[in-house]
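Please keep the structure in view while reading.

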Amino acid sequence: MSYVAWMHRGKLQRLQVGGKGAALSDLLAGGFSVPPGFCITADAYRYFCDEAGLNERIPQLLGEVDPAQPGSAREATERIRALIAKAPLPQELHDAIVEAYNELAAMVGLACAVRSSAISEDGAEASFAGLYESYLNVRGAHQVLDAVRRCYVSLWSERAVIYRAMRTHGGDEAMAVVVMGLVPSETSGVAFTAHPVTGDREQVVINASFGLGEAIVSGRVTPDSFVIAKGSFALIERGIYPKELAIYPHPDGGGTIERKLDPARQMAPSLTDEQACQVARLAARVESHFGFPQDVEWALSHGDLFLLQSRPITTLG
């Protein structure tokens, strides 16, 4: 059984590497610019749980949840997370992850992103956006192993368990993990290939800010906004907002650092109009590739655009 699958070595499947891993593998197969990386498979998570006796224990704890007692779900998920946090990784899985990381580091350097990729995540029915954890500027095999475990733990947050239960996924979920080269972006953001408020499918809406996309995802900044006509790729609307801070890879090691921007920088556009149209064209190509409106995460580094994630927009009906 394989516990590691490289994204560029063939189109991978959702049940094997989760929604995020499958989408990135699909984009790579389609010739899009995606940072190199590999997936730690859902079977690896199941193997970890089996070796730790969690495949029996987790359903037992979930079975103790009483919908009439609001605190019971919190107590059960806390106990599950504690069990995962202290369970040892099987040696075979440990070695497979270290070997793959060392191979990736030889290609792109030490810094990588470690991102959760659950098997029901980023589907057409439910996105699970923001429920599972990702870690940026992870450096060295020890940090990668720790981040993988934290991704496993995040599968069992109270919010994630309740969200899955509402969509009948229940306890059958499994967590794959994407490990990919970190893009040291000057600007990053998201692009929606249909207007997320009006539902207009002839517009691309871009949110952008300086540094890593974590500043937008975490809600720490109000990003600049660009609305682009999908057919002509003409700029329809531009909103430049004060971006008080930016998040960058920590220069002294792993993790990120938050930096306050000076007032002039705060009000500077994070993208030129030409760059915004470039992002819109890329996002439209991604939509065409998948055949459905997409929520695209992108990064701009030294003039090059990279795709970091793409998932269906699930709110259009």
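Helices (H or I, at least four residues) and strands (E, at least two) are DSSP runs, numbered from the N terminus. His 94 has its place in helix α5. This is a predicted model, in which local features need pLDDT of at least 70 and side-chain atom pairs count only at pLDDT 80 or more, while totals for chains, interfaces and linings use all residues. Residues are numbered from 1 along each chain as its sequence is written, and side-chain values use heavy atoms, with hydrogens and water left out.

**Nonpolar cores**

- A nonpolar core is here a set of buried Ala, Val, Leu, Ile, Met, Phe, Trp, Tyr and Cys residues joined through side-chain atoms within 4.5 Å, where buried means under 20% relative accessible area, exposed over 50%, and partly exposed in between (1.4 Å probe, protein chains only).
- The largest nonpolar core has 47 residues, and those with the most contacts inside it are Ile 40, Leu 93 and Tyr 152; helix α6 (residues 141-154) supplies the largest share of this core, seven residues.
- Apart from this core lies another of 36 residues, with Ala 283, Val 286, Leu 305 and Leu 307 among them.
- Leaving aside residues up to four places away in sequence, Leu 93 is in contact (heavy atoms within 4.5 Å) with Tyr 3, Ile 40, Ala 44, Tyr 47, Phe 48 and Tyr 152.

**Helix α5 against helix α6**

- Two packed helices are described by the angle between their axes and the distance between the axes; the axes are lines fitted to C-alpha atoms, for helices over the stretch in contact, and the angles run from 0 to 180 degrees between N-to-C directions.
- The axes of helix α5 (residues 91-108) and α6 come within 10 Å and cross at roughly 120°, and α5 and α6 are therefore oblique to each other, given that angles under 35 degrees count as roughly parallel, over 145 as roughly antiparallel, 65 to 115 as roughly perpendicular and the rest as oblique.
- The crossing in which α5 passes α6 is right-handed; a crossing is left-handed if the near helix is turned anticlockwise from the far one by less than a right angle, and right-handed if clockwise.
- On the α5 side the contact is made by Leu 93, His 94, Ile 97, Val 98 and Tyr 101, and on the α6 side by Ala 141, Val 144, Leu 145, Val 148 and Tyr 152.
- By class, this contact of α5 with α6 has nine nonpolar, one polar and no charged residues, where Ala, Val, Leu, Ile, Met, Phe, Trp, Tyr, Cys and Pro count as nonpolar, Asp, Glu, Lys and Arg as charged, and the others, Gly among them, as polar.
- His 94 is partly exposed, with a relative accessible area of 27%, and its C-alpha atom is separated by 9.9 Å from that of Tyr 3, 91 residues apart along the chain.

**Two roughly perpendicular helix pairs**

- Helix α2 (residues 42-51) and helix α3 (residues 54-63) have axes that come within 6 Å and cross at roughly 85°, and α2 and α3 are therefore roughly perpendicular to each other.
- In this pair, Tyr 45, Arg 46, Phe 48, Cys 49 and Asp 50 of α2 meet Leu 54, Asn 55 and Ile 58 of α3, and the residues of the contact divide into five nonpolar, one polar and two charged.
- Helix α1 (residues 14-29) and helix α10 (residues 273-290) pack at an angle of about 100°, their axes 11 Å apart, so α1 and α10 are roughly perpendicular to each other.
- Here Ala 23, Asp 26 and Leu 27 of α1 meet Val 286, His 289 and Phe 290 of α10, a contact whose residues divide into four nonpolar, one polar and one charged.

- Pro 59 is found in helix α3 and is partly exposed, with a relative accessible area of 47%; the C-alpha atoms of Pro 59 and Ile 80, 21 residues apart along the chain, are 9.7 Å from each other.
- Val 217 lies in helix α8 (residues 214-217) and counts as exposed at 66% relative accessibility, with 9.2 Å separating its C-alpha atom from that of Val 190, 27 residues apart along the chain.
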